[in-house]
Amino acid sequence: MIRGCLTEQIQEVSKKFLGREITTNELRLYPYIDYVLKNGGRIDRSKLSIPEQDIIDMWKEEGNFNWGYGAIISVTKEFYDYMQEILWLSYVEVKK
């Protein structure tokens with residue numbers, strides 16, 4: 001398995017939850033968002049490219065993401081669970 005690559009299984013999970021397929025940019029943004037959520041919730045805009053900011057805007061429009069005062073982020077429980085499944089499928093090399 002090549003870590004961080006889109007697979008058919010990842011796209012199936014994405015279509016089921018989001019109702020759409022995801023891009024490689026979106027897939028590779030999940031680990032950073034996961035890290036931020038687990039380490040204070042403050043996002044560093046300088047670490048985001050314009051396409052990544054567009055992805056976050058899309059998540060906000062879909063109702064899964066909030067970018068509040070002081071660059072503190074939050075996500076819905078459902079989006080968090082979905083993101084963890086995607087991370088497990090795309091980045092965990094040894095699965096049981």
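Rings of Phe, Tyr and Trp (for Trp, the six-membered ring) are taken as a pair if their centres lie within 6.5 Å, with planes under 30 degrees apart counted as stacked, over 60 as edge-to-face and the rest as tilted. In this predicted model, local features need a pLDDT of at least 70 and side-chain atom pairs count only at pLDDT 80 or more, whereas totals for chains, interfaces and linings use all residues. Residues are numbered from 1 along each chain as its sequence is written, and side-chain values use heavy atoms, with hydrogens and water left out.

The pLDDT, which is the predictor's confidence in each residue on a scale from 0 to 100, averages 92 over the protein chain, and 98% of the residues score at least 70.

By the ring criterion, the count comes to 9 aromatic pairs. The centres of the Phe65 and Trp67 rings are 6.5 Å apart and their planes stand at 75°, so this pair is edge-to-face. Both Phe65 and Trp67 are buried, where buried means under 20% relative accessible area, exposed over 50% and partly exposed in between (1.4 Å probe, protein chains only). Ring pairs link Phe65 and Trp67 with Phe17, Tyr30, Trp59, Phe79 and Tyr82 into a cluster.

A nonpolar core is a set of buried Ala, Val, Leu, Ile, Met, Phe, Trp, Tyr and Cys residues joined through side-chain atoms within 4.5 Å. The largest such core has 24 residues, of which Tyr30, Ile33, Ile43, Ile56, Trp59, Trp67 and Tyr82 touch the most other members. Two or more residues are given to this core by each of H1, H2, H3, strand S1 (65–67) and H4, and H4 gives the most, with 6 residues. Beyond its neighbours within four places in sequence, Trp67 is in contact (heavy atoms within 4.5 Å) with Ile43, Arg45, Leu48, Ile56, Lys60, Ile72 and Ile73.

Helix H4 (residues 77–91) comprises 15 residues and reaches 20 Å from its first C-alpha to its last, close to the 21 Å expected at 1.5 Å a residue, the expected span being 1.5 Å times one less than the number of residues. The buried residues of H4 are Phe79, Tyr82, Met83, Ile86, Leu87, Leu89 and Ser90. They cover an arc of only 165° around the axis, which puts them on the same side of H4, the arc being that of the directions from the helix axis to the C-beta atoms.

Definitions and conventions
Helices (H or I, at least four residues) and strands (E, at least two) are DSSP runs, numbered from the N terminus.
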